[in-house]
There are 2 protein chains.
Amino acid sequence: MPKQVDYDSRRRQIAEAVCLLADEHGPEGVSMRDVAARAQVSLGAVQRCFRTKEEMLLFAVHHVGERVRARLTADASLGQVAEEVALLRDEHRAQARIWLAFVAQAAVKEPLAGPLRESYAALHELLVRLATESGLADPPGEARALLALADGLTTHVLIGHLSAEQAEAVLRTHVAGLGK
Amino acid sequence: MPKQVDYDSRRRQIAEAVCLLADEHGPEGVSMRDVAARAQVSLGAVQRCFRTKEEMLLFAVHHVGERVRARLTADASLGQVAEEVALLRDEHRAQARIWLAFVAQAAVKEPLAGPLRESYAALHELLVRLATESGLADPPGEARALLALADGLTTHVLIGHLSAEQAEAVLRTHVAGLGK
DNA sequence: CTAAGATCGATACGATCGTATCGGAAAAGG
DNA sequence: CCTTTTCCGATACGATCGTATCGATCTTAG
C-alpha cells in the first residue's frame with residue numbers, strides 16, 4: 001500500500017484557511033483556489049478533501065462552532081459566558097465576522113443551517129443550565145433572551161452602529177438585572 | 001431634446017427586483033442579468049441606472065431601510081415598534097432575510113455599512129424617544145438593548161433556532177419587564 | 001420634416017468560478 | 001526490483017460574472 005494521508009487534519013487546516021478568507025470577503029466570496037493558496041496546498045488537494053465547495057463550507061461552519069464552544073465550557077457565570085458569546089473583544093472580531101457571514105448564508109442556503117442550529121442549541125443548553133443554577137425563573141426564556149441579545153449586540157458592533165464598549169455596557173446591565 | 005426617462009422611479013423598480021432576488025440567493029448571489037430580467041428591463045437599462053453593481057446594491061440597501069422605517073412611524077408603543085422591527089410575522093420574513101443578508105455583507109464590505117448605520121440610527125432615535133416618553137431610566141441604553149434583542153431574535157428565527165412564537169414571547173417578556 | 005441627441009438592447013470581452021481529467025511521482029507489499 | 005495503489009498538481013472545460021461597446025431606434029426642438 002502506498003502513501004497514506006491524514007485527511008482529517010488536512011480538512012481542519014483547510015477549514016482554517018476558509019475562515020481567514022471568509023473573514024475578509026464573506027463565505028460566498030472565497031474561491032477554492034484562494035483557499036488552496038491560503039492553506040498552502042494545491043487546488044487538487046482541496047478537491048480531494050471535499051467533493052464540492054458546499055461540503056467544504058459546511059465543514060468550516062461546524063469547525064467554527066466547535067472553536068467557539070470550546071472556549072465557553074471553561075467559563076462559569078452567566079455573564080462571563082454571555083460576554084464570551086458576544087465576541088466583543090477585538091481579538092475575536094474575526095470570529096464574529098465569520099459567524100455572522102455563515103449565519104446570513106444559512107438564512108438563504110438551508111443546508112448550512114444544520115451545523116449552526118447545532119451550535120446554537122448547545123449554547124442554549126449551557127445557558128439554561130447556568131440560569132437554573134442561578135435560581136432564575138424561566139431559565140429557557142432567559143437563555144433565549146441572553147443569546148439573542150448577545151448576538152444582536154455583536155452584529156451591531158460589526159456594522160459599526162455600536163462601539164464594543166456600548167455593547168458591553170448593555171450586556172452587563174441586562175445580566176445585572178437578571179436577579180430581578 | 002429627445003426622449004427623457006424617469007431614472008429615479010426605474011431605480012426603485014430595479015431595487016425591488018434586487019430585494020426579491022437577494023431574498024432567494026443572498027445579495028452576492030444576484031447577478032445584473034437576473035436583476036434585469038426580474039425588473040423586466042434590459043441589462044443595458046440596469047447599467048444606465050447604476051454605473052456598477054456595488055452602486056446598485058447600495059441603493060437597494062437604502063431602499064429597504066426606507067421601507068422598514070416607513071412602516072414604523074405609524075406605530076406608537078415601545079412594544080409595537082419592537083415587534084415590528086423584529087420582522088417576526090411571516091409576511092415580513094422576506095424583508096428580514098434581505099436585511100440580514102445586507103448586514104452580513106456590510107460587515108465585510110465597508111461601503112454598504114453606511115446606509116445601514118443610517119437606518120439603525122433612525123430606529124435608535126425613535127426608540128429613545130418612546131423610552132423617554134415612557135419615563136424609563138437610561139433611554140439610550142434600553143433602546144440599544146431592545147434593538148439588539150429584536151435583531152438577534154429575528155436572526156435566530158431565520159436560522160430556525162427559534163420559532164416565531166418563542167421569539168415573540170421573549171420579546172414581550174422583555175418589554176413587560178421594562179417598567180422595572 | 002429634419003437633424004440632434006438620449007435611450008435602447010444585443011453583443012463582445014476578459015476574468016474568474018467550480019469541477020473534471022489525467023499523466024506522473026511516491027511509497028509500500030510482493 | 002517491480003508492481004500496485006494512492007496521492008499529487010497542472011491543466012482543461014464550460015458556465016457565468018461584471019462591464020464595455022456600438023449601431024439602431026425613438027423622441028423632440030427647430
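This is a predicted model: local features need pLDDT of at least 70, side-chain atom pairs count only at pLDDT 80 or more; totals for chains, interfaces and linings use all residues.
Let me start with one residue, Leu87(B), which is buried because 26 other C-beta atoms lie within 10 Å; here a residue counts as buried if 20 or more other C-beta atoms lie within 10 Å of its own, as exposed if 12 or fewer do, and as partly exposed in between, with C-beta atoms placed from the backbone. Residues are numbered from 1 along each chain as its sequence is written, and chains are lettered from A and ligands numbered from 1 in the order in which they are written.

Coming back to Leu87(B), this residue lies in the loop between helix 5 (78–86) and helix 6 of chain B, where helices are DSSP runs of H or I with at least four residues, strands are E runs of at least two, and both are numbered from the N terminus. Its phi is near 55°, which is a positive value in a residue other than glycine. Asp138(B), also not a glycine, has a positive phi of about 55°, and its place is in the loop between helix 7 and helix 8 of chain B. Is Asp138(B) buried or partly exposed? Asp138(B) is partly exposed, because 13 other C-beta atoms lie within 10 Å.

Turning to chain A as a whole, we find nine helices and zero strands, and buried residues make up 44% of its 180 residues. The C-alpha atoms of chain A fill a box of roughly 65 × 35 × 30 Å along the principal axes. As for confidence, pLDDT is the predictor's own confidence in each residue, from 0 to 100; the mean for chain A is 92, and 99% of its residues reach 70 or more. Among the elements of chain A, helix 8 has the highest mean pLDDT (97) and helix 6 the lowest (90).

Helix 6 of chain A, residues 93–108, holds Ala96(A), which is buried, with 21 other C-beta atoms within 10 Å. Leaving aside neighbours within four places in sequence, Ala96(A) is in contact with Leu87(A), Thr154(A) and Leu158(A), contact meaning that the C-beta atoms of two residues, placed from the backbone, lie within 7 Å.

Next come helix 7 (residues 113–133) and helix 8 (residues 139–159) of chain A, whose axes come within 8 Å and cross at roughly 125°. That angle makes helix 7 of chain A oblique to helix 8 of chain A, since angles under 35 degrees count as roughly parallel, over 145 as roughly antiparallel, 65 to 115 as roughly perpendicular and the rest as oblique. The residues of this contact between helix 7 and helix 8 of chain A divide into nine nonpolar, two polar and two charged; Ala, Val, Leu, Ile, Met, Phe, Trp, Tyr, Cys and Pro count as nonpolar, Asp, Glu, Lys and Arg as charged, and the others, Gly among them, as polar.

Finally, how many residues does each chain bring to the contact between chain B and chain A? The contact takes 37 residues from chain B and 37 residues from chain A. On the side of chain B that touches chain A, helix 8 of chain B gives the most, with 12 residues, and by class that side has 19 nonpolar, 13 polar and five charged residues.

Notes: Axes are lines fitted to C-alpha atoms, for helices over the stretch in contact, and angles run from 0 to 180 degrees between N-to-C directions.
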